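Here are my notes for you to read with the structure open. Take them one point at a time and look for each feature as you go.

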Amino acid sequence: MIINHPLLGPRDSAEFIYLGDAKLIDRPNWQAPTAAKDFYEYAYLRDNPAGWHDELWFHEAGDRSWLVVTRNTLTHEISNVALARDVARLRGRSK
Amino acid sequence: MNQVNRLKGGQIDRSVTHRFKFDGKTFEGHQGDTLASALLANGVRLMGRSFKYHRPRGVLTAGSEEPNALVELRNGARQEPNSRATTIELFDGLLAKSQNRLGPLKYDLLAINDRFSNFLTAGFYYKTFMWPAAFWEKVYEPIIRRAAGLGSLSQLDDPDVYDKGFLYCDLLVIGAGPAGLAAALTAGRSGAEVILADEDFRMGGRLNCESLTLDDQSAPAWADDVVAELKSLPNVRVMHRTTIIGAFDHGIYGAVERISDHLIVPDLGKPRQILWRIYTKRTILATGAIERPIAFENNDRPGIMLASAIRTYANRFAVAANKKIVIFTNNDDGHRTAKDLHAMGVEVCGVIDVRADAPRSLDYEVLHGQVVDTKGRLGLKQVKIRLENGNIRSLDCGALGVSGGWNPNVHLTCHQRGRPTWRDDIAAFVPGVDLPLGMSVAGAASGIMSTTGALQSGTDAACAALSVIGIKSRAITIPQTEDAPVSIQPFWYVRGCRRAWIDLQNDVTVKDIQLSHQEGFRAVEHLKRYTTLGMATDQGKTSNMGGLAIMAELAGTSIPKAGTTIFRPPYTPTAIGVFAGRHRGQDFHPKRLTPSHKWAKEQGAAFVEVGNWMRAQWFPLAGETKWRESVDREVLAVRTSVGVCDVTTLGKIDVQGAEAAEFLNKIYCNGFAKLAVGKCRYGLMLREDGIAKDDGTAARLADDHFVVTTTTANALPVYRHMEFVRQCLFPDMDVQLISTTESWAQYAVAGPNSRALLQKIIDPFTDLSNDAFPFMSCANVTVCGGLRARLFRISFSGELAYELAVPTAYGDALIRKIIAVGAEFNVTPYGTEALGVLRIEKGHAAGNELNGTTTAQNLGMGKLVSKTKDSIGSILSERAALTAPGTLCQVGIKPLNPADPVIAGAHLMNEKGPIDAAHDQGYVTSACFSPNLGHAIAIGFLKDGDLRLGEKMRLVSPLTGIETKIEIVSAHFIDPQGERLRA
């Protein structure tokens with residue numbers, strides 16, 4: 001596969017390490033009353049869709065960016081690649 | 001009988017004669033021959049034995065789809081089994097042996113299997129060798145393996161080199177037949193970057209095999225001209241002997257280029273083969289079509305071939321498959337073979353056509369009927385024909401050309417799970433709509449079977465593909481040539497036949513397919529697995545279609561409804577060596593050497609691989625014959641004087657930024673915010689699920705600057721994890737990370753004399769006294785008169801100890817300096833074994849304990865997990881199941897009898913009671929002999945271990961029959977108060 005890195009352009013997927021569902025960005029609040037349940041779901045419950053999926057990939061043999069890659073798990077088509085840091089900000093993880 | 005079947009013409013170079021040996025007998029052929037064509041030229045039809053029944057077999061095809069003519073090529077270390085005689089280029093001195101036989105090829109002793117064929121049907125092995133179960137591995141399997149099978153391996157190391165490479169292009173054209181050549185020429189003239197790859201050593205595809213003309217040129221001459229023009233274009237790479245083995249995601253193709261397979265040995269410095277990864281914007285698949293046979297009784301005798309193969313041998317290789325040839329066909333293409341043979345003076349004894357409206361000929365007899373049986377044990381002698389009126393006729397002949405129609409070679413269109421679609425008019429599957437990204441298909445591969453159509457579709461496909469990527473091009477002028485329509489009547493097998501072969505390589509017959517249907521294995525995937533149809537090295541290129549057509553008929557469904565099995569890479573058998581490339585032996589993976597490696601080698605150190613690192617394991621002195629002698633000495637030296645160990649391999653991560661301390665608070669379960677500058681602290685990292693991930697120390701060199709260390713093996717994963725936390729969880733935290741593992745050479749200097757030794761290395765203005773530089777201090781210092789260095793007073797051994805880091809380039813000099821100035825203390829280098837003993841004596845957890853199943857509580861560090869801050873894993877580490885009574889807790893273990901050994905992996909059982917999994921109390925993770933205590937010691941995990949100190953237990957290993965009485969003790973075997981390391 002070829003991942004179109006937002007900073008570096010198209011790169012072979014062999015340069016990357018795969019982590020999984022980009023929901024891992026949405027780490028719960030440790031002080032919430034439901035923290036125990038929230039963290040349990042965060043750590044263990046993931047969607048495994050046959051189709052479009054936001055995934056975390058790490059450019060380990062490159063610039064060490066974490067990326068959110070929107071990939072169709074059936075066809076391997078990639079529709080979007082973004083810096084995970086930007087996605088995290090969009091999802092309200094800025095201080 | 002030298003080349004008795006050689007004809008005139010062809011594309012062989014008669015000025016070059018090659019002598020070769022097949023089964024010990026010497027023959028001659030010419031440059032441009034394949035092994036198969038040269039053998040046929042010499043009148044050799046029998047080339048092998050079949051897989052299961054050991055039936056005599058000859059060559060079926062003239063290409064890489066060959067199921068029958070498999071040989072062992074070359075001898076010695078270069079012997080290669082299962083080589084297809086149809087693709088082996090003849091070279092002088094070639095050696096080949098038929099395979100899968102016991103005794104001479106003509107009198108194979110295992111041909112007895114053929115007599116028992118009634119018992120050896122599909123599923124035979126599954127049904128028969130069921131009982132007794134223990135017999136399978138010891139008795140049945142070895143016998144079956146010896147009887148059934150393919151060529152043998154030399155068992156020697158491959159002496160040749162294989163390479164890997166990367167190529168980039170605008171357009172990849174796969175196949176250099178008429179469609180591929182037209183596409184490549186169109187694109188080449190436009191200036192696009194083009195790669196043209198063909199598996200053959202001669203480009204042209206079917207153009208080389210036909211008696212056609214293109215305008216006023218012969219087909220092969222036209223192909224030669226086009227190839228010459230393509231080679232003259234700097235933007236075109238013409239790759240002979242190159243098979244595209246797979247179509248992968250996003251326009252990536254795998255290709256194997258056979259650089260030296262056609263030579264007796266590779267030229268000096270040249271690889272045998274190259275595995276290319278081709279990145280292309282667009283692809284034109286022009287892989288042509290493969291003719292398929294028709295099944296009839298005894299259709300597997302040597303001499304029975306595809307009609308197109310007979311035509312190829314005649315036109316391209318100037319070889320008559322035999323003096324007397326019969327053709328059996330269901331379509332017009334079979335007649336083309338008859339015409340060409342007749343024109344070349346070969347006797348065509350008859351053309352049998354299943355169609356009533358078959359074209360007639362004045363030159364030879366055309367019979368309306370079917371071949372119902374054949375004769376000739378080691379080679380075809382006669383075919384028996386049932387005419388349409390029911391009469392039986394026999395024709396004597398030595399070769400029978402069979403044409404059941406042509407299958408477009410859709411293989412690569414399906415590598416991304418595309419499914420082919422059925423076309424009734426040509427009775428074949430053609431590429432479906434879901435093609436791999438950027439691929440289009442031209443010529444016979446797309447079902448366009450005429451030469452004119454192939455040329456036109458090739459040039460059109462190139463123009464269309466280039467326009468998509470913004471390159472302007474013009475269609476080439478198509479030469480005047482053949483443009484015949486396909487005329488075919490689908491016909492798969494002769495009714496009533498039983499021992500009629502569908503898959504010649506795996507010996508699957510019509511009867512086996514009927515049996516598969518009868519027993520309920522009707523889906524094509526079940527059919528394949530039950531009968532092994534299409535599972536041989538040819539992957540059913542000539543057989544799958546026939547098999548599934550018969551199954552469709554038996555199941556009362558249509559061929560497109562029955563569907564095909566899934567095509568998978570590689571397209572043809574590919575040597576493991578080319579996948580390995582240079583990654584073999586010493587170069588299997590990168591080797592990382594520590595800065596003291598050269599020095600350690602000079603000392604005669606034994607090395608051990610840790611991750612990719614080579615670490616010194618121990619340093620034997622003269623007279624030491626057993627590793628334990630060296631290790632015990634090294635351990636005692638550290639405890640009594642001073643030792644030095646290269647710890648460069650530990651991961652080092654530089655953490656800088658205004659919020660560096662806050663960041664460490666997130667990744668470590670214990671607190672770091674209040675760590676003073678100039679101090680180190682032990683840190684335990686958890687995974688988000690509360691399990692321990694890694695541990696190490698973090699040193700605060702400045703307010704905004706920490707150095708984090710990780711274990712050797714986890715250096716990469718921990719760095720990755722820290723970047724994840726930084727970028728994904730706290731994207732605006734003011735902190736930066738960089739791995740500095742390889743920037744610093746680091747040595748542990750440990751033992752009561754370590755301070756005295758370091759005072760001679762570290763420049764004098766650094767006060768090393770216990771008051772000025774106490775345990776867990778760190779500082780930037782200089783050594784040896786001004787070299788910048790980092791000093792950490794940390795201890796893994798439990799002794800007064802330091803770790804000293806200098807820039808990597810000075811690592812070698814520093815170890816030599818330490819040894820030189822430490823001579824007065826008898827400084828002793830120690831390796832990973834002594835390191836292990838020292839840390840077990842102190843009860844320090846390492847990789848064996850941080851094994852991915854243990855929590856901070858298991859490790860006796862439950863109190864370390866801060867509850868007053870947010871850190872990775874802190875919430876889930878509190879889960880009830882991880883903290884409930886009965887939780888494993890790290891303990892020390894010693895044998896009651898000091899002479900008894902303790903082994904890691906053994907389990908702890910109560911002093912009384914059964915020994916079984918239900919009564920398991922825990923297990924040993926690390927064990928060693930302690931030279932300081934004089935007996936074995938271990939650390940491990942025991943249920944409620946912290947409450948069971950002093951308990952007597954049994955240490956058991958039912959697998960190895962060990963049962964030892966032991967006592968549970970504190971894991972701190974040496975200096976439990978930690979007085980030494982604070983001295």
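Predicted model: local features only at pLDDT ≥ 70, side-chain atom pairs only at ≥ 80, totals over all residues.

1. Let's start with chain A. It contains six strands and two helices.

2. How big a box do the C-alpha atoms of chain A fill? Along the principal axes, the box is roughly 45 × 30 × 20 Å. Of the 95 residues in chain A, 20% are buried. Looking at contacts in this chain between residues at least 6 apart in sequence, 50% link residues at least 24 apart.

3. Now look at where the two chains meet: 25 residues of chain A contact 16 residues of chain B. On the chain A side, α1 (35-44), β4 (52-58) and α2 (84-90) each contribute at least two residues. The top contributor is α1(A), with five residues. By type, this side of chain A has 16 nonpolar, seven charged and two polar residues.

4. Which residues touch the most other members of the largest nonpolar core? They are B:L664, B:Y747, B:V749 and B:I893, in a core of 109 residues. Domain 4 (643-837) and domain 5 (885-969) of chain B each provide at least three residues to this core.

5. Leaving aside residues up to four places away in sequence, its contacts include B:V644, B:C645, B:L804 and B:I818.

6. Finally, find the second, separate core: it has 85 residues, among them B:V326, B:I327, B:I385 and B:C397.

How values were computed. Residues numbered from 1 in each chain as written. Chains lettered and ligands numbered in written order. Core = buried A, V, L, I, M, F, W, Y, C linked by C-beta atoms within 7 Å. Buried ≥ 20, exposed ≤ 12 C-beta atoms within 10 Å, placed from the backbone. Domains from an automatic or database assignment. Contact = placed C-beta atoms within 7 Å. Helix = DSSP H or I, 4+ residues; strand = E, 2+ residues; numbered from the N terminus. Nonpolar A, V, L, I, M, F, W, Y, C, P; charged D, E, K, R; others polar.
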